[in-house]
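The sequence and the model are shown first.

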Amino acid sequence: MDFYSGWYAAISSDEVKGNKPTAIRRFGRELVVWRDRDGKASVMDDSCPHRSVKLSLGSVKNGVLACAFHGFEFASDGSCILVPETGKPAANLRCRSMPCLESHGFIWLWYGPAEQAESHPPWFEELDEGLSWSQYTSSWPCHITRCIENQLDYAHLPYIHASTIGRGFKLQDNDRNFELDDDSIKLRLKQSHFIFKFPNIWSLQILPGRFYQFIAFVPIDLENTLLYVRAYQRFVTIPVLRNALALILDYQSKKILLQDKSVVISHPRQSSTIDVGEKLYPSDKGIVWFRKRWSEGTTEGFE
Ligand code: FES
Ligand SMILES: [Fe+2]
């Protein structure tokens, strides 16, 4: 499978708890995510190298992952450290593990050659400064590129979002405000700006230092994408009020995102880098650049 090479926010940290391995599908692969004794996350193929049942059906005991079927135990690097029948490790049994790290409330997966993995994932430093966040997810039946391009496209605001954020929006001259570089795409609009950072995070500054919308676009496979949508805010710190505000912000954001989704999922489902004869206009400048960079940075396979 072809995707842009880099660190992807892949699953929210709070979805991987305690002794319970979590099954996920990412980049078209079935994976298991679990935590060792220190709480450090590991991501491996969700298939036992003994007889191929799902490791996510097993459990974490004493910091190792035990298969549900015959109890073989695996360390976080995928090595088999115990076969109950022999009482010994088995050097010939290894589960493939993927480079991963955890920060900012996400477990990140490296897509591309493992030896090229960078030390840090991309992030928006402004979201670290004492803001709290709420989160929901949304599944879209289309390639990640279509979901990302939707967030780079401001010309749809007065149409798809005529009843919400696009009311009264004027299109003229916004294409001059793009800042395009190898790792990010930024657009300054009148009252706000957004930044996309390759390969899969996007943030909209609504009020500087106080209120941001954030999306991580997580590839399930070539035709499905999971969006982790967060509202970061600094208005309210009292927990009960914070939860109430989160409900309101997420309600608003879901309404807007559903407007987007209603049209985006009617694109051809495959990658937007596959030419289907689209004719792009000046407002699509960010999308043109995105397709160029995405194509240049694309690599085949996990490792
Ligand atoms: S299939 Fe996993 S231990 Fe046998
Ligand atoms: Fe939109």
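The model is predicted. In it, strand β12 (residues 100–103) and β13 run antiparallel and are joined by four bridges. Within this pairing, E102 stands opposite I107 in β13. Two residues lie between the strands of the β12 and β13 hairpin, where H104 takes a positive phi near 55 degrees.

- Strand β13 covers residues 106–111, and six of the six are buried, so the strand is largely enclosed by the rest of the structure.
- F106, W108 and W110 point one way from β13, while I107, L109 and Y111 point the other way. Both sets are buried.

**Overall dimensions and composition**

- The chain contains four helices and 21 strands.
- A compact globule of 303 residues would have a radius of gyration near 19 Å, and the 21 Å of the chain agrees with this.
- The C-alpha trace spans about 70 × 50 × 30 Å along its principal axes.
- Of the 303 residues in the chain, 33% are buried.
- Among contacts with a separation of 6 or more, 57% are made by residues 24 or more positions apart.

**Domains and their contact**

- The domain assignment of the chain gives domain 1 (8–116) and domain 2 (125–300).
- The C-alpha centres of domain 1 and domain 2 are 31 Å apart.
- Ten residues from domain 1 and twelve residues from domain 2 take part in the contact.
- On the side of domain 1 that touches domain 2, β2 and β3 (22–26) each supply at least two residues.
- The largest share of that side of domain 1, four residues, comes from β2.
- By class, the residues on this side of domain 1 divide into five nonpolar, three polar and two charged.

- β3 and β4 run antiparallel and are joined by five bridges. The bridge partner of A23 in β4 is V32.
- The hairpin formed by β3 and β4 has two residues between the strands, and F27 in the turn has a positive phi of about 55 degrees.
- Strand β4 (residues 29–35) is mostly covered, with five of its seven residues buried.
- On β4, pairing with strand β5 (residues 41–45) is also antiparallel and extends over five bridges. L31 stands opposite D45 in β5.
- Five residues lie between the strands of the β4 and β5 hairpin, in which G39 takes a positive phi near 85 degrees.

**The sheet from β6 to β10**

- Five strands form an open sheet in the order β6-β7-β8-β9-β10, with antiparallel pairing.
- β6 (59–61) and β10 (88–94) stand at the edges with a single partner strand each, so one side of each is left without a neighbour in the sheet.
- Strand β9 (residues 79–83) is joined to β10 by three bridges, and the two run antiparallel. C80 stands opposite A90 in β10.

- Helix α3 (residues 239–264) has 26 residues. From first C-alpha to last it reaches 35 Å, close to the 38 Å expected at 1.5 Å a residue.
- L257, K261 and V264 are buried in α3.
- An α-helix has 3.6 residues a turn, so residues three or four places apart point the same way.
- The buried residues of α3 pack against β14 (132–140), α1 (144–152) and β20 (224–233).
- Helix α1 is mostly covered, as nine of its nine residues are buried. The buried residues of α1 include the charged pair R146 and E149, and also I144, C147, I148 and L152.

**An exposed loop residue**

- D182 is found in the loop between β15 (178–180) and β16 (184–188).
- D182 counts as exposed because it has 9 C-beta neighbours inside 10 Å, where the cut-off for exposure is 12 or fewer.
- D182 and V83 are 99 residues apart in sequence, and their C-alpha atoms are 48 Å apart in space.

Technical notes
Residues are numbered from 1 along each chain as its sequence is written. Chains are lettered from A and ligands numbered from 1 in the order in which they are written. This is a predicted model: local features need pLDDT of at least 70, side-chain atom pairs count only at pLDDT 80 or more; totals for chains, interfaces and linings use all residues. Two strands pair if DSSP finds at least two bridges between them. The radius of gyration is taken over C-alpha atoms; the globule rule is 2.2 Å times the number of residues to the power 0.38. A residue is buried if 20 or more other C-beta atoms lie within 10 Å of its own, exposed if 12 or fewer, and partly exposed in between; C-beta atoms are placed from the backbone. Two residues are in contact if their C-beta atoms, placed from the backbone, lie within 7 Å. The expected span of a helix is 1.5 Å times one less than its number of residues. Domain bounds come from an automatic or database domain assignment.
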